[in-house]
Amino acid sequence: MERVGVFICHCGSNIGAVVDCARVAESVKDYPGVAFSTDYKYMCSEPGQEMIQNAIREHNLNRVVVASCSPRMHEKTFRACVAKAGLNEYMFEMANIREHCSWVHAGRNEEATEKAIDLVKMAISKVCNNEVLMKGHAPVTKRALVVGGGIAGIQCALDIANNGYQVDILERTPSIGGKMSQIDKTFPTIDCSACILTPKMVEASSHPNIKLITFAELEKVDGYVGNFEVTIRSKARSVDMSKCTGCGTCMTKCPGKADDEFNMNLRKRTAIYTPFPQAIPNKPVIDRESCLKFKSRKEGKDVCGVCAKLCPAGAIDYEQQDELFTERYGAIVMATGYEQFDHSIYGEYGYGKYPDVISGLHFERLVNASGPTQGHIVRPSDHKEPKTVVMVKCVGSRDPEHGKSYCSRTCCMYTAKQATMIRDHCPDTKVYVFYMDVRTPGKLYDEFYNRTREEYGVEYIRGRVSKIYQDGETLRVKGEDTLLGRQIEIDADMVILANAMIPNPDSERMAQIVGIGYDKDGWFTESHPKLGPVETHTAGVFLAGACQGPKDIPDSVAQAGAAAVKVCALLSKDQLETEPTVSKVDNKLCSGCGLCVPVCPYKAISLETIQERVAGKTIERQVANINGSLCQGCGACTVTCRSGAANLKHFTNAQILAEVDALCQTIL
Amino acid sequence: MTLNERQQQNEALRSEFLRRSGVDVSKCYQCGKCSAGCPVGDHMDIPTNKIMRLVQMGLIDEAMQSSAIWLCASCVTCTTRCPKGVDVAHVMETLRQMAKDHNCVAEKNIDKFHTVWMNILHKMGRMYEPGLIVGRNMVTGNIFQDTSFGVPYLAHRKLKLMPYKSNNIDEIKRMIEKAEAMDREEGGAR
């Protein structure tokens, strides 16, 4: 026998000023199943909750409906409240008469009250069909995976490791370090990037709780929060890591040459290489695309092999193959970082074809002491020192037509930094910066920018550059000074473009593998822009650094720390509670068609064979079987099932139809 | 002409300007507050902030040839309100002095008015209005300009016909000499 208690909340004046709450309570008093109904100013307050608990005891209620705000706001509160009074927390329903009623129908009080009554009746009908459900428990694998070994990934791993948990860093390239290792100096303090990064890299590699998995890629992620099963592809290094001592002899005589990606193709590297001198692990890999041996093998020959002859440890292994292996993790942190926008789509800037029109990251390599020019700022075309440099901001940023609609956040500061570095290295060189706005909201950032203009004498010109073209030895830059309202032309020896930040080109595929959301530009989506900036919508997967959106180093490091705290909070639990609101298959109705299997995004459904007695005979047939701990209760299988065998607990067909019936009765 | 060439042309003028004014124009971040508060801004051919921008970019010749610098009444509102502490009024003053030295005064009558004004100050130690009116009208050739104001002003005893000197004319002279000496020093009278 259902005995439902109905509680209508005024939410101060939020609901009370529009909906006649007393009338709502009065009108459902005699609705089938209702044993008690009342209204109160604030149901979520302590006296409000006590009122519910007292009513449960006094009126012997076995089901409760609260009509108030959105379940996102207070469902947890009220579930805990009825549980305290001895009810199962799933014998509770919430009718949203604030967001769905009073807020959107302000000024139409009569109709709003009618609608509130309907919503409450629906909730009563649903709760009458509710069943007792119990939360499940799942163990937690006390180990985390950080995907990406840039500064965000390294910092996050260090923070997790220092909390006493095991953590693996998965890095796609041969070395950890990421973009920060390519950068020469960091703003606003102009301290050497490598000098502050390499100690962190060393700490990560020598930390007893951290394992580095470099030159490897994420292949597959199965499982769920607390128990992810991750398949990793370890790419063939062609060097036996256990034998290699990192002496570097193999690289001295290698005849294979390839563009040096680390140095933005400004010079060549050997086919067997470490990306940079401070690489960790400092053990080379063979780039099979440019290795003479592997190239000749494709043609049926087998030449070279110099590195193997030179290696004193016998570590070169040409026969190595990619290896797949599976590891279990309790939590995953995505820290896959960013890439630089490709400015070659801009015809007006020379389609990326003028050698002296370079990007910001090119400049970082040019000015780096271990870079292709040993830190001398010279034109890539003729290696002469530029006398006039023009810098262009917002290349790809804030250009919804050709590039990205967003502001890349870091360019204003790195342009200012690079401008001061040019003035430091070459005091006779004039530097012009074309900008639309200068955005420097960070600690000591605006001060840095002002120094750039006032002390370093860098000339800022407000306006976009319309065209850059070769004019003899120099580049003619045509722009507009919108402050003076006139066109301006500058003869420049070198142009540096402040390219936008874009997500790692692989980010969308990665998001699909891990099962997290991404936005129109490919940045990973956080669970809440304000209150959940490091969480994702997938429990147990967190975000750190620029994979979530353009970010500078301080922000990336801060977010990495935040993600680490969330991971540690998760790993500190021995068991995780699992929601019982999962799908269930009625074997009697299931035809074993298997349509639900590929639909399930959590791979929770499999077909199993059952035995049945039909007409006196035992037969075998297939039915769908749902793994309750993998199922996240999305309901995709229930709408796919043609025979209606799949049903989502707490949202069963019977429960939803009861709501529809309640609504239709009033209409009729 | 490219910006580089224009700046090259102006190199000597730019260093002369920096030496004479002593104002660090790079501090200006073009907020526009100087133009916004200028009482004669409406009549200027180039608003104050654009004069600052020209000077900042080193295009001194253009700033020097403007009429705006002569309309500036030296009320110093711009300097007082500048959030970056740039002495805008002094920039205007320096440009006027340089315009005179380089023979590119755009508003000759205003310049002549200044000369008459200073001559009277030298002789009298204070302002003698009838002398200023007559002197200005003589040098500009507009003999009868503003003469209709004379009778009512005299009636209200706002003007005295006979010349009058300051009681402390020697002190005033010393002040003027000192100011002029300071102005010849590097960085101007600041």
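Start by selecting residues 151–162 and residues 553–571 of chain A: these are helices α6 and α15, whose axes come within 8 Å and cross at roughly 35°. A helix here is a DSSP run of H or I with at least four residues, numbered from the N terminus. The axes are lines fitted to C-alpha atoms over the stretch in contact, and angles run from 0 to 180 degrees between N-to-C directions. What you have open is a predicted model, where local features need pLDDT of at least 70, side-chain atom pairs count only at pLDDT 80 or more, and totals for chains, interfaces and linings use all residues. Residues are numbered from 1 along each chain as its sequence is written, and chains are lettered from A and ligands numbered from 1 in the order in which they are written.

The crossing of α6(A) and α15(A) is right-handed, meaning that the near helix is turned clockwise from the far one by less than a right angle.

From α6(A), pick Ile151(A), Ala152(A), Gln155(A), Cys156(A), Asp159(A) and Ile160(A). Their partners in α15(A) include Ile553(A), Val557(A), Ala560(A), Ala564(A) and Val567(A). Being in contact means that two C-beta atoms, placed from the backbone, lie within 7 Å.

Zoom in on Ala564(A), which sits in helix α15 of chain A. Is Ala564(A) buried or exposed? Ala564(A) counts as buried because it has 28 C-beta neighbours inside 10 Å; the cut-off is 20 or more other C-beta atoms within 10 Å. Leaving aside neighbours within four places in sequence, Ala564(A) touches Cys156(A), Asp159(A) and Ile160(A). Lys211(A) is 353 residues away from Ala564(A) in sequence, yet 16 Å away in space, C-alpha to C-alpha.

Time to switch to chain B. You'll find 12 helices and 0 strands there, and the C-alpha atoms fill a box of roughly 60 × 35 × 30 Å along the principal axes. Of the 190 residues in chain B, 25% are buried.

Last stop: the place where the chains touch. Chain B gives 10 residues and chain A gives 11 residues. On the chain B side, select α1 (3–9) and α4 (48–56), the elements that give two or more residues. By class, that side has 2 nonpolar, 4 polar and 4 charged residues.

Key:
Nonpolar A, V, L, I, M, F, W, Y, C, P; charged D, E, K, R; others polar. Buried ≥ 20, exposed ≤ 12 C-beta atoms within 10 Å, placed from the backbone.
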